[in-house]
Amino acid sequence: MEKPVPRLGPGDALVRTTRALICTSDTHTVKGGIGPRQDLTLGHEAVGVVEAVGAEVKDFRPGDRVLAGAITPDWGDPASQNGYPSQSGGPLGGFKFANLKDGVFAEYFHVNEADANLARIPDGIPDEAAVYCADMLSTGFMGAEHGNIPMGGTVAVLAQGPVGLMVTAGARLRGAGLVIGVESVPSRQRLARLYGADEIVDFTKEDVVERVLELTGGQGVDTAVEALGADITFQTCVRITRPGGTISNTGYFGEGEFVSIPRVEWGVGMADKTIATGLCPGGRLRMERLLRILETERLDPTHMTTHEFGFDEMERAFEVADKKLEDVVKVLIAF
């Protein structure tokens, strides 16, 4: 579609897109996962160059190379002041791109509260790496952070897609002693080991619950992370978590009206198993910290890039991502 260049408010910025990533949640959005949407531009993972800023923007100027978080909260909202900026304006309200306004799969995109939601990209970090901070690193690391992983603790990450892989990396960075990746696709199993998985459980070849209990001496893991967004995977997380442990959810549940909790393994509601949920953290400080991890070479997310397309090839790129063709992990778009 041809659309007008977004108009700016006094605190906003206009960014010319240079690189973007396709996310599985884009495909969920197309299928109605967050409700009906009409003629919204997709995409929420992008980096670019500042084209223009509003009169009240203090910290950014045209020509700055910047990263915008996938989530761009309203920082004065009561939810933000209460410590939950991703929920500003209501549930998932910080998720504006391709939800409440046009997303980043365009020549230009709009960023609200630019001083709080943009981060300058250090010179040594290429766009192809920085763009992963917008969502994959932020969401994946959130899964590890919310998992309350004890130093030397045991962690199982169910599904090793891009978010799951970054959960795996985040668990290792936070000091997990045993990281178990649950995945059946060989290429993703290899990436899981690259990013820190000590053991791989293939659910097509063995019972996940039995194998995880075996690996943990019958105790279950301290932390189980759901990184797929499927009812059965969530149930497995509850089953493999030890009493007093944490089930950390990063998955996008795009289908069905309910998610089930196994009653007995939940201790009929009394096993002190915490279920933690969250939406990708955004904001300048978060993005700057993630960029620092790349700058100091703690992590290289570009191993996940399996496909690259130009902006004029977007329809084919989206088809590859949506249908998971050609052993795809993550699709990079160059503008």
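These legends describe close-up views of a predicted model.

**View 1. Helix α5 is mostly covered.** Helix α5 spans residues 136-146. How many of its 11 residues are buried? Nine of them are. The buried residues are M136, L137, S138, T139, G140, F141, M142, G143 and A144. Helices α6 (162-173) and α10 (284-295) are included in the cover. So are strands β2 (45-53), β9 (221-226), β10 (241-249) and β13 (330-334). N148 follows α5, and its phi is positive, near 50 degrees.

**View 2. Helix α5 crosses helix α6.** Two packed helices are described by the angle between their axes and the distance between the axes. The axes of α5 and α6 come within 7 Å. They cross at roughly 55 degrees. That makes α5 oblique to α6. The crossing is right-handed. Which residues of α5 meet α6? They are M136, L137, T139, G140, F141 and A144. On the α6 side, the partners are P162, V163, M166, V167, A169, G170, A171 and L173. Sorted by class, this contact of α5 with α6 has 11 nonpolar residues, three polar ones and no charged ones.

**View 3. Helix α5 meets helix α10.** Here the axes of α5 and α10 come within 11 Å and cross at roughly 95 degrees. Are the two helices roughly parallel or roughly perpendicular to each other? An angle from 65 to 115 degrees counts as roughly perpendicular, so α5 and α10 are roughly perpendicular to each other. From α5, the contact uses L137, S138, F141, M142 and E145. From α10, the contact uses R286, M287, L290, I293 and L294. By class, the contact of α5 with α10 has seven nonpolar residues, one polar residue and two charged residues.

**View 4. R286 sits in helix α10.** R286 belongs to α10. Is R286 buried or exposed? Its relative accessible area is 15%. Buried means under 20%, so R286 counts as buried. Neighbours within four places in sequence are left aside here. Beyond them, R286 is in contact with L137, S138, F141, M142, E145 and P281.

**View 5. G278 lies in a loop.** The loop that holds G278 runs between β11 and α10. G278 is partly exposed, with a relative accessible area of 32%. What does G278 touch, leaving aside its neighbours within four places in sequence? Its contacts are M142, H146 and N249. One of these, M142, is among the buried residues of α5. A169 is 109 residues from G278 along the chain, and their C-alpha atoms are separated by 18 Å.

**View 6. F97 and F109 form an aromatic pair.** The structure holds three aromatic pairs, and this legend shows one of them. A pair of aromatic rings is described by the distance of the centres and the angle of the planes. For F97 and F109, the centres are 5.8 Å apart and the planes are at 90 degrees. The pair is edge-to-face. Where do the two residues lie? F97 is in the loop between α2 (78-81) and β4 (108-111), and F109 is in strand β4. The pair therefore ties together parts that are 12 residues apart in sequence. Relative accessible area is 0% for F97, which is buried. For F109 the value is 2%, and F109 is buried.

**View 7. I247 is buried in strand β10.** I247 is placed in strand β10. Its relative accessible area is 0%, so I247 is buried. Neighbours within four places in sequence are again left aside. I247 is then in contact with A224, F234, C237, V238, T241, K273, T274, I275 and A276. D12 is 235 residues away from I247 along the chain. The C-alpha atoms of I247 and D12 are separated by 37 Å.

View 8. Most residues other than glycine have a negative phi. E113 is not a glycine, yet its phi is positive, about 45 degrees. E113 is in the loop between β4 and α3 (114-117). With a relative accessible area of 30%, E113 is partly exposed. V268 is also a residue other than glycine, and its phi is positive, near 45 degrees. V268 is in the loop between β10 and β11 (274-276). Its relative accessibility is 44%, so V268 counts as partly exposed.

How values were computed. Residues are numbered from 1 along each chain as its sequence is written. This is a predicted model: local features need pLDDT of at least 70, side-chain atom pairs count only at pLDDT 80 or more; totals for chains, interfaces and linings use all residues. Side-chain values use heavy atoms; hydrogens and water are left out. Buried means under 20% relative accessible area, exposed over 50%, partly exposed in between (1.4 Å probe, protein chains only). Helices (H or I, at least four residues) and strands (E, at least two) are DSSP runs, numbered from the N terminus. Contact means heavy atoms within 4.5 Å. Axes are lines fitted to C-alpha atoms, for helices over the stretch in contact, and angles run from 0 to 180 degrees between N-to-C directions. Angles under 35 degrees count as roughly parallel, over 145 as roughly antiparallel, 65 to 115 as roughly perpendicular and the rest as oblique. A crossing is left-handed if the near helix is turned anticlockwise from the far one by less than a right angle, and right-handed if clockwise. Ala, Val, Leu, Ile, Met, Phe, Trp, Tyr, Cys and Pro count as nonpolar, Asp, Glu, Lys and Arg as charged, and the others, Gly among them, as polar. Rings of Phe, Tyr and Trp (its six-membered ring) pair if their centres lie within 6.5 Å; planes under 30 degrees apart count as stacked, over 60 as edge-to-face and the rest as tilted.
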